[in-house]
Amino acid sequence: MTQLDESARRALAWPGDPQEPVENCTPALARQQYLDGFADTQWPLEDVAEVSEKHAGAIRVKIWRGCTAPREQAPALLYLHGGGFVIGAPETHEDICRTLANKIGAIVISPDYRLAPEHPFPAAIEDCAATLIWMRDQADALGIDPARIIVGGDSAGGNLAAVIALLARDGEVPDVIGQVLIYPVTDQLQASDSYMRYAEGFGLTAAAMRWFRDHYLPVTASRSDWRASPLRAASLAGVAPAFVILAGHDVLFDEGALYAERLNSEARATSRTWPGQIHGFVSKRRAIPEAQDALDAIATAWRTMDPALTR
């Protein structure tokens, strides 16, 4: 087993008010704790050309226009935030969204999708799908090219992004030209070896993942549905090219690695592992400098998915 990076150790010991383990919280308390603490380990937010909010039907969406993004026909990223399907919001992942908008000269759009347990599976998927349809239908008003949309997300958002990419392949939502999956949830049965190797002591715990899953998927049978567990999809053939980021010390490592392997064999994918890192490291640039490397890697992968960026 590789050793934890010093930056990961520093992040795990980051000073601040102690928080209750999420599995001991009500959803309301878990959300408040996350909102109170997320910014402390993030980099100060980059300036972008424009920040706005709109509504895709009943769904609030936040929009960031990169400093060099064109006013028309801009590339776009539909970014789906993490948080175990229970916590989080576009604002908790604004650092990632602003940075990528600037690195590419793009428009990044993130929906405030409905959360469990008030809105269990498949409500989040429905909201993310509706946002992608809205992006296509409102492309002129948004200034984006509907033929140049990538979907991405981290953790639970990586799960949702993988599902949206599969729905796009099947023609159930508009097409996407790529997918960026950051330490994604891909198998809700939670039976892989990494759930034992990294059960405690590495930030995200196995107990917390059970808590998140039980709120999102209260019906046990639904945990094997490919829309909850994309690793269990019958085929990944024909899905958009993918870039998968993995953290070596993460309960989700094994399922993410298996999904990347399947994507690579059945479709087209590249993956990169940060062996000494923990779940969530891309969102912790103040504590973990390696997050910047990951964001640079995402920007590079995005350019390979969108050939217009290299012309």
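In which loop is Phe85 found?

Guide: This is a predicted model. Phe85 is found in the loop between strand 3 and helix 3. With a relative accessibility of 4%, Phe85 counts as buried, because the cut-off for buried is under 20%. Its phi is near 70°, a positive value in a residue that is not glycine. Most residues other than glycine have a negative phi, and most peptide bonds are trans.

Pro122 lies in the loop between strand 4 and helix 4. Pro117 is also found in the loop between strand 4 and helix 4 (residues 123–137), and the bond leading from Ala116 to Pro117 is cis as well, again with omega near 5°.

Helix 3, residues 94–104, lies across strand 1, strand 2 (59–65), strand 3 (74–80) and strand 4 (107–111), and runs at about 45° to strand 2. The sheet itself is open and has eight strands in the order 1-2-4-3-5-6-7-8, with mixed pairing. Its edges are strand 1 (50–56) and strand 8 (269–278), each of which pairs on one side only. On average, neighbouring strands of the sheet are turned by 20° against each other, direction ignored.

Strand 2 pairs with strand 1 in the antiparallel sense over seven bridges. Two residues separate the two strands in a hairpin, and Gly57 in the turn has a positive phi of about 65°. Across this pairing, Ala56 has Ile59 of strand 2 as its bridge partner. Strand 2 is also joined to strand 4 by five bridges, and these two run antiparallel; Lys62 has Ser110 of strand 4 as its bridge partner. Seven of the seven residues of strand 2 are buried, so the strand is largely enclosed by the rest of the structure. Both faces are covered: Ile59, Val61, Ile63 and Arg65 are buried on one side, and Arg60, Lys62 and Trp64 are buried on the other.

Further along the sheet, strand 6 and strand 7 (residues 242–249) pair in the parallel sense over four bridges. In this pairing Leu181 stands opposite Val244 in strand 7. The loop between strand 6 (178–182) and helix 7 (194–197) holds Gln190. Like Phe85, Gln190 has a positive phi without being a glycine; for Gln190 the value is about 55°. Gln190 counts as buried, at 11% relative accessibility. Beyond its neighbours within four places in sequence, Gln190 is in contact with Tyr195, Met209, Arg210 and Arg213.

To return to the rings, a search of the whole structure finds seven aromatic pairs. One of them joins Tyr183 and Phe281, whose ring centres are 6.0 Å apart and whose planes stand at 55°, so the pair is tilted. Tyr183 is in the loop between strand 6 and helix 7, and Phe281 is in the loop between strand 8 and helix 10 (290–305); the pair thus links distant parts of the chain, 98 residues apart. Tyr183 is buried, with a relative accessible area of 2%, and Phe281 counts as buried at 0% relative accessibility. Trp211 and Phe212 form an edge-to-face pair, because their planes stand at 75°, with the ring centres 5.3 Å apart. Trp211 counts as buried at 10% relative accessibility, and Phe212 does so at 7%.

The last item is the largest pocket, which holds about 1400 Å³ of space. Its lining has 48 residues, and Gln19, Tyr34, Gly203, Leu204 and Lys284 lie nearest its centre. Helix 1 (6–12), helix 2 (27–37) and helix 8 (206–216) are the elements that give two or more residues to this lining. The largest share, five residues, comes from helix 2.

Key: Residues are numbered from 1 along each chain as its sequence is written. This is a predicted model: local features need pLDDT of at least 70, side-chain atom pairs count only at pLDDT 80 or more; totals for chains, interfaces and linings use all residues. Side-chain values use heavy atoms; hydrogens and water are left out. Buried means under 20% relative accessible area, exposed over 50%, partly exposed in between (1.4 Å probe, protein chains only). Contact means heavy atoms within 4.5 Å. Two strands pair if DSSP finds at least two bridges between them. Axes are lines fitted to C-alpha atoms, for helices over the stretch in contact, and angles run from 0 to 180 degrees between N-to-C directions. Rings of Phe, Tyr and Trp (its six-membered ring) pair if their centres lie within 6.5 Å; planes under 30 degrees apart count as stacked, over 60 as edge-to-face and the rest as tilted. On a 1 Å grid over the protein atoms alone, a cavity is a set of points where a 1.4 Å probe fits but cannot get out, and a pocket is an open set with protein on both sides within 12 Å along at least five of seven lines; lining residues have an atom within 4 Å of a point. Grid points are joined across faces, edges and corners, and a volume is the space filled by probe spheres set on the points.
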